[in-house]
Amino acid sequence: KIVGPAFQAVAKKYANDTGATAFLKNKIIKGGSGSWGVVPMPANAKLSDSDASLLASWILRGAPSAN
């Protein structure tokens with residue numbers, strides 16, 4: 001771990017949270033800090049809503065590879 005958690009750790013933390021996709025989508029778009037340490041995650045405001053949803057869903061699945 002250099003900065004932030006592994007995607008698998010995020011998926012595990014939010015596995016039983018029904019609002020996790022919306023929460024993570026918001027974090028991806030707006031950025032934030034404090035959830036996993038002191039280093040802030042930059043905002044990705046130019047990312048479309050559908051792309052942010054796709055990323056959040058992928059992370060919640062444990063970020064599986066495309067292979």
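Modeller: Ile 29 lies in helix 2. Helices here are DSSP runs of H or I with at least four residues, numbered from the N terminus. The model is predicted, so local features need pLDDT of at least 70 and side-chain atom pairs pLDDT 80 or more, while totals for chains, interfaces and linings use all residues. Residues are numbered from 1 along each chain as its sequence is written, and side-chain values use heavy atoms, without hydrogens or water.

Ile 29 is partly exposed, at a relative accessible area of 22%. The cut-offs are these: buried is under 20% relative accessible area, exposed is over 50%, and partly exposed is in between, with a 1.4 Å probe and protein chains only.

Now its contacts, meaning heavy atoms within 4.5 Å. Setting aside neighbours within four places in sequence, Ile 29 touches Ala 43, Asn 44, Ala 45, Asp 49 and Ala 52. Take Asp 49.

Asp 49 belongs to helix 3 and Lys 25 to helix 2, so the pair ties together parts 24 residues apart in sequence. The rule asks for a side-chain nitrogen of Lys or Arg within 4 Å of a carboxyl oxygen of Asp or Glu. By that rule the count is one salt bridge. Asp 49 itself is partly exposed, at 46% relative accessibility.

Lys 25 leads back to helix 2. The buried residues of helix 2 are Ala 20, Leu 24, Lys 25 and Ile 28. They cover an arc of only 130 degrees around the axis, which puts them on the same side of helix 2. The arc is taken over the directions from the helix axis to the C-beta atoms. These buried residues pack against helix 1 and helix 3. On the face turned away from them, helix 2 carries the exposed residues Ala 22 and Lys 30. Gly 31 follows helix 2, with a positive phi near 75 degrees.

Across from it, helix 3 covers residues 49–60. It has 12 residues and reaches 17 Å from first C-alpha to last, close to the 16 Å expected at 1.5 Å a residue. That expected span is 1.5 Å times one less than the number of residues. Ala 52, listed above as a contact of Ile 29, is buried in helix 3, along with Ala 56 and Ile 59. Seen down the axis, the buried residues fall within an arc of 65 degrees, so they line one face of helix 3. They pack against helix 1 (7–13) and helix 2 (20–30). The face turned away from the buried side carries the exposed residues Ser 50 and Leu 54.

The chain just past helix 3 also deserves a look. Gly 62 takes a positive phi of about 90 degrees. Ala 63 has a positive phi too, about 55 degrees, although it is not a glycine. Most residues other than glycine have a negative phi. Ala 63 sits in the segment after helix 3 and counts as buried, at 13% relative accessibility.

Definitions and conventions
Helix = DSSP H or I, 4+ residues; strand = E, 2+ residues; numbered from the N terminus.
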